[in-house]
Amino acid sequence: MSGFAADQPGAEVRASPNFGARRGPSAPDMLILHYTGMATGRAAEDWLCDPASEVSSHYLVHEDGRIVQMVRETERAWHAGKSFWQGVTDINSCSVGIEIVNPGHVLGYSAFPKRQVEAVIALSAGICERHGIRPERVLAHSDVAPGRKVDPGEKFPWRRLAEAGVGLFVPASPIRQGAVLAEGDAGGAVEELQTLLSLYGYGIDITAVFDDRTRVVVEAFQRHFRPRRVDGVADGSTLRTLRRAVATAAA
């Protein structure tokens with residue numbers, strides 16, 4: 001792919017060779033947000049366009065708000081890896097991916113600059129309008145790959161996106177003292193927790209046992225909806241927020 005016309009008005013184009021044809025329905029119905037987790041935006045852009053990397057994304061948003069498109073939205077970029085959402089395992093075939101320049105947790109995780117966030121909002125809104133992507137289908141990489149991925153992380157302003165009409169967000173219930181569900185617990189309350197997480201879309205087995213998988217999925221939910229405390233413990237705040245998210249998505 002030597003070049004193409006950008007799908008998003010105002011985006012620059014730097015074509016990546018790392019893409020293929022979508023499998024199944026041709027139109028994407030999900031938007032997945034990532035952070036780059038590299039020292040610089042230039043390094044991330046080069047990596048996403050390097051045939052040796054075997055990774056890519058449809059878009060990269062730099063810290064100054066500059067948007068670079070690397071793969072056409074009609075094509076299958078290689079951004080999600082091993083992932084799951086609502087029974088689907090080939091997330092790459094049904095999604096558009098946006099990489100957001102940020103060093104990530106390993107290299108000094110930082111707040112996302114305002115100009116960058118506004119660019120992500122404008123880009124996301126355009127993608128969702130072009131493909132009819134529903135708010136609850138705008139997700140973090142950590143949502144579709146909990147435990148394996150943590151991006152774009154707890155500093156990403158999901159509330160700000162939702163206020164601008166992008167994605168689903170419900171305010172987190174206040175954190176209070178009280179009973180919690182944690183690793184090692186078992187019974188009906190754990191089964192309800194796992195059922196709610198599964199209903200929302202997370203990949204989790206309903207076993208009524210709070211195992212390591214349940215912990216990392218709870219962390220993923222908290223990272224998106226209750227970022228003030230990401231600990232993998234299902235306290236009252238987490239459960240109340242989860243119930244509201246499930247109800248809002250189903251409305």
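Where is the place of Glu54? I looked this up to begin with, and found Glu54 in the loop between H1 and E4.

**Ground rules**

I am reading a predicted model, where local features need pLDDT of at least 70, side-chain atom pairs count only at pLDDT 80 or more, and totals for chains, interfaces and linings use all residues. Residues are numbered from 1 along each chain as its sequence is written, and side-chain values use heavy atoms, with hydrogens and water left out. My H and E labels are DSSP runs numbered from the N terminus: helices (H or I, at least four residues) and strands (E, at least two).

I kept one general point in mind: most residues other than glycine have a negative phi, and most peptide bonds are trans.

Back to Glu54: its phi is near 55°, a positive value in a residue other than glycine. Is Glu54 buried or exposed? I noted a relative accessible area of 58%, so Glu54 is exposed. (Buried means under 20% relative accessible area, exposed over 50%, partly exposed in between, with a 1.4 Å probe and protein chains only.)

Gln86, another residue other than glycine, also has a positive phi, near 50°. I found Gln86 in the loop between strand E6 (75-77) and E7. Gln86 is partly exposed because its relative accessible area is 42%.

Which peptide bond did I find to be cis? The bond from Asp151 to Pro152 is, with omega near 0°. Pro152 sits in the loop between helix H3 (141-144) and H4.

**Entry: the pockets**

Rolling a probe the size of a water molecule over the atoms shows where empty space is left. For a pocket I used this meaning: on a 1 Å grid over the protein atoms alone, an open set of points where a 1.4 Å probe fits, with protein on both sides within 12 Å along at least five of seven lines; lining residues have an atom within 4 Å of a point. Grid points are joined across faces, edges and corners, and a volume is the space filled by probe spheres set on the points.

The largest pocket has a volume of about 420 Å³. Of its 22 lining residues, Val55, His79, Glu99, His141 and Lys149 are the closest to the centre. Strand E3 (30-35) and helix H1 (41-48) each give at least two residues to this lining, and H1 has the largest share, three residues. I sorted the lining by class: nine nonpolar, eight polar and five charged. (Ala, Val, Leu, Ile, Met, Phe, Trp, Tyr, Cys and Pro count as nonpolar, Asp, Glu, Lys and Arg as charged, and the others, Gly among them, as polar.)

The second largest pocket holds about 150 Å³ of space. Among the residues lining this second pocket are Lys82, Phe84, Pro146 and Arg213. Its lining has four nonpolar, three polar and three charged residues.

**Entry: Glu45 in H1**

I found Glu45 in helix H1. Glu45 counts as buried because its relative accessible area is 5%. What does the side chain of Glu45 join through a polar contact of 3.3 Å? The partner is the side chain of Arg14. (A polar contact is a pair of N or O atoms within 3.5 Å; within protein, one must be able to donate a hydrogen and the other to accept it, and residues adjacent in sequence count only if both atoms are side-chain atoms.) Leaving aside neighbours within four places in sequence, Glu45 is in contact (heavy atoms within 4.5 Å) with Arg14, Leu60, His62, Arg66 and Val68.

H2 (residues 114-131) has 18 residues and reaches 26 Å from its first C-alpha to its last, close to the 26 Å expected at 1.5 Å a residue. (The expected span is 1.5 Å times one less than the number of residues.) Its buried residues include Val117, Val120, Ile121, Leu123 and Ile127. I listed what covers the buried residues of H2, including E3, strand E7 (95-100) and helix H4 (158-163). Just after H2, Gly132 takes a positive phi of about 65°.

H7 (residues 236-250) has 15 residues. Which helices do the buried residues of H7 pack against? I found H5 and H6.

**Entry: Gln194 in H5**

Gln194 belongs to helix H5 (residues 188-200). With 0% relative accessibility, Gln194 counts as buried. Gln194 and Ala208 are 14 residues apart in sequence and 7.4 Å apart in space, C-alpha to C-alpha.
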